[in-house]
Amino acid sequence: IKIAVLVSGNGSNLQALIDSIEKGEIKGKIEVVISNKKGAYALKRAKRHGIDGIYIGKLNYPKREDRDKKLIDILNEKKIDLIVLAGYMSVLNERIVNMYRNRIINIHPSLIPSFCGKGYYGEKVHKAVLDYGVKLTGATVHFVDEGTDTGPVIFQRAVEIDFDDTVETLSKKVLKIEHQLLPLAVKLFCEGKIEVIGRKVKILDYM
Ligand code: GRF
């Protein structure tokens, strides 16, 4: 399975994927890492592991349609089977979502449908969680559809919130879960063990 990982920032989820693949846990290969942010540390992580890291953003493709076209060209050239959004802070063009129906996996740092959608990204999610005063939060891995954080849910895992938790301590707790859930979802996808029926996801016989 040929994988493209789309990033925008630090790339700790990318790193978790790279580590799991290098341990031989995933029957897939990251063919390319694409960032919409030029200085994303995630691009350095890719290069460090001999993975093609490409910047596609406003600086080299000012027009949106050129960025979309370049992205599609790369996905086709590299014969990508699975797209993983690992902290990718841009909305994917609908054409790509349709071309890759149920073959785009996203990780979101909350228990969808809570604290997700427009405006809920990165630390803003944890701030909203703390401001609301909920007792549980967590991470969700889901397939991407036309909406924002609205596609079929693959996995969720919860974490308890302590009274003295801050955005910093909470994001650390949730990232730890993200780094477990995302590789697991990619592993099972590569093994053909994830079935989507309507908007519900069935995981076939995994330990
Ligand atoms: C993670 O919290 C992820 O859930 C969210 O953006 C953050 C990306 O972190 N989508 P990293 O770049 O993978 O470290």
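Start with the whole chain in cartoon view: this predicted model has 6 helices and 9 strands, taken as DSSP runs (H or I of at least four residues for helices, E of at least two for strands) and numbered from the N terminus. Residue numbers run from 1 along each chain as its sequence is written. Local features need pLDDT of at least 70 and side-chain atom pairs count only at pLDDT 80 or more, while totals for chains, interfaces and linings use all residues; side-chain values use heavy atoms, with hydrogens and water left out.

Zoom out for the overall dimensions. Along the principal axes, the C-alpha atoms fill a box of roughly 50 × 40 × 35 Å.

Next, show the polar contacts, pairs of N or O atoms within 3.5 Å:

- Ser12: a polar side-chain atom is 2.6 Å from a ligand oxygen atom.
- Asn13: a backbone N or O atom is 2.9 Å from an oxygen atom of the ligand.
- Ile107: a polar backbone atom is 3.4 Å from a nitrogen atom of the ligand.

How much of the ligand's accessible area does the protein cover? It covers 88% of the 360 Å² that the ligand has on its own, by the Shrake-Rupley method with a 1.4 Å probe.

Finish in two loops. Between β5 (104-108) and α5 (123-132), select Pro113; the peptide bond from Ile112 to Pro113 is cis, with omega near 10°. Then go to Asn102, in the loop between α4 (94-99) and β5, where phi is near 55°, a positive value in a residue other than glycine. For context, most residues other than glycine have a negative phi, and most peptide bonds are trans.

Technical notes:
Polar contact = N/O pair within 3.5 Å; in protein donor to acceptor, adjacent residues only side chain to side chain.
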